[in-house]
Amino acid sequence: MAISEATDVRSQAALQTRIFKHHLDLGHNKQAYEALTQNPDPCRQLDCLRQLVVVLCERSQLHDLVEFPYVNLHDEVVTIIESRARAVDLMTHNYYELLYAFHINRHNYRKAGTVMFEYGMRLGREVRTLNGLQKQVNCYLCALNCLRLIRPEYAWIVQPVSGGVYERPGASPKRNYDGECAANPAGHRIEILELKDLQKEYILARNRMTLAQHDPNSAAIAGNASAVEMVALLVQTGLFDTALSLCQTFKLSLSPVFEGLAFKCIKLQYGGEAIQSEAWDWLAANQLSSVISTKESSATDEAWRLLSSYLERYKCQNGQYHRCVINKLLSHGVPIPNWLVNCYKEIDAAGLLRLYLNYDLLEEAAELVLEFVDALLGKGHQYFGIERPLSATAPLVWLPYLAIDQLLQALGENQSNINNANLYQKLQDKLALYYKHVSQATIRRQQNT
C-alpha cells in the first residue's frame, strides 16, 4: 500500500530497502531478493546486494545465493564476491569456493578455473602448511578440469602479473569493447595461461605437497617455491625420483640432481651410523628395485647403486651427468669408483682426461692415456666405445692432443719425481708407437684409393 502511494523514486527506494532488510532479518531470502530487484535506486540496490551476499555467506545459506538469477546484476554480484574473497582471511570465510560454485552453476568454466587458480596461488603465499598445500593441489586440479570442459581453442585463462590490471569479467584480453584489436596499455601486463601451463603448475603443487609430507618443516618455504627452488629442496630431502620428474616437466637440467645425490653418497661413505640409519628413509622414497637393508648391503652401497641406475636411465650423449658427478667427487677429494670410471671413459675418455688434469691427478691421467692409445691400436677398444681400432679400412680415430700435451708438460716439469719421469717416458714411447701405426695406416689407405 505504502509503495503504491509513494510517487517519487526516492521514497520507493527507501521503502524497498526497508522491506529487503526485514525479509533478510527474518530469513525470507527469496522475498529479500525480490525486494532488492525492485529497488529503483541503483546505489541502494547495490548496497542491498552486498548485504545479501555477506549475510547469506555468514549463515552458510550458499544454495540460495548461487541459485538466484541476478538479472542485470550478474557482474555486480561477481564483483562483490571477488572483493570479499580477496579481502578476508582464507581460513575464516572461503569466498573463492562460493565464486567457483557460482560460475560452475552458470557453465562459465573459464571463470571458474580462473577463480580456483587464484585461490591456489593465494594458498601458496598465505597458508604455508601441509593442509594449505593439499588445498592448493585440489585448487589447481579443479582449474585443470574446468579448462578441459572448454573447446581447446578457448581453453585459457588470464593471469594478471605484477602491475597487471584486468577489469572486465569474461572479456577478451586481446580486444576492446567494440571488438577491435586493442594495444596493451603502458604498464599493464597480462599473461595468458593455457592448459599445458596449468598442468605444470599442478605438477609443481603436487611436488610441494610430497615434499611437505616427507618433511613437514619444509611446508613454510615450499608454498610459493619455483620449479628450480623445488628441485633444490627435493634433492636436499632425498626425493630424487620426484626431482628428476620435475626437471623433465619444466625442461630443467638434471645436473643439480646428480650432484646432490653424489654429495649424499660422499656423506654416507665418510659418515657414521646415524647418517647410515637416516639414509634408508630417503632411499626407500625412491624407486630403486630391491632396496633391502641387510648386512651384505649398506646404505652407502644402495646410494651408489641408485646413482648408477640414474646414470644408466638418463643417458646424455656427451656424458654431461657422468662429468658433473665425477667433478663433484673430485672436488671433495673422493676417489672415483671403478664402475663410474669405466662408464665415463666409454662415453668421453677425453672429458675424463681433462677432469684428471683439472685436479692434478697426473698418474691417473697418464694411465688413462696409455689405455686409450692401446684401445686405438686394438687392445681393449670395446672399453672405450671404439667400434674398430686403427687400420686402413676403419673409420678415422683421434687423440685429445691438447690435453695430452698439457699432461706431458706437467710430468716434464717435475722430472725429479721418479714416478713422473717413468710415466713421461712411457707416454712418449706409447705415442711414438701410435704415430708409427697412424703413418702405416695412412699409407695403406692412400694406396687403396
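View 1. The model is predicted, so local features need pLDDT of at least 70 and side-chain atom pairs count only at pLDDT 80 or more, whereas totals for chains, interfaces and linings use all residues. Residues are numbered from 1 along each chain as its sequence is written, and side-chain values use heavy atoms, with hydrogens and water left out. E259 belongs to helix α14 (residues 255-270); helices (H or I, at least four residues) and strands (E, at least two) are DSSP runs numbered from the N terminus. E259 has 31% relative accessibility and therefore counts as partly exposed, the classes being buried under 20% relative accessible area, exposed over 50% and partly exposed in between (1.4 Å probe, protein chains only). The C-alpha atoms of E259 and N327 are 8.7 Å apart, although 68 residues separate the two in sequence.

View 2. Zero disulfides are found in a search of the whole structure, a disulfide being a pair of cysteine sulfur atoms within 2.5 Å. C316 is partly exposed, at 24% relative accessibility, whereas C48 is buried, at 2%.

**View 3. Nonpolar cores.** The largest nonpolar core has 76 residues, of which M230, F258, W282, V325 and L407 touch the most other members. Helix α19 (residues 362-376) gives this core its largest share, 10 residues. Apart from it lies another core of 53 residues, including V55, L65, I150 and I157. A nonpolar core is a set of buried Ala, Val, Leu, Ile, Met, Phe, Trp, Tyr and Cys residues joined through side-chain atoms within 4.5 Å. Beyond its neighbours within four places in sequence, W282 is in contact with T237, G238, F240, L261, K264, L268, A303 and L306.

View 4. Buried in α6 are V77, V78, I80, I81, E82 and A85. Its buried residues pack against α4 (42-58), α7 (95-105) and α8 (109-126).

How values were computed
Contact = heavy atoms within 4.5 Å.
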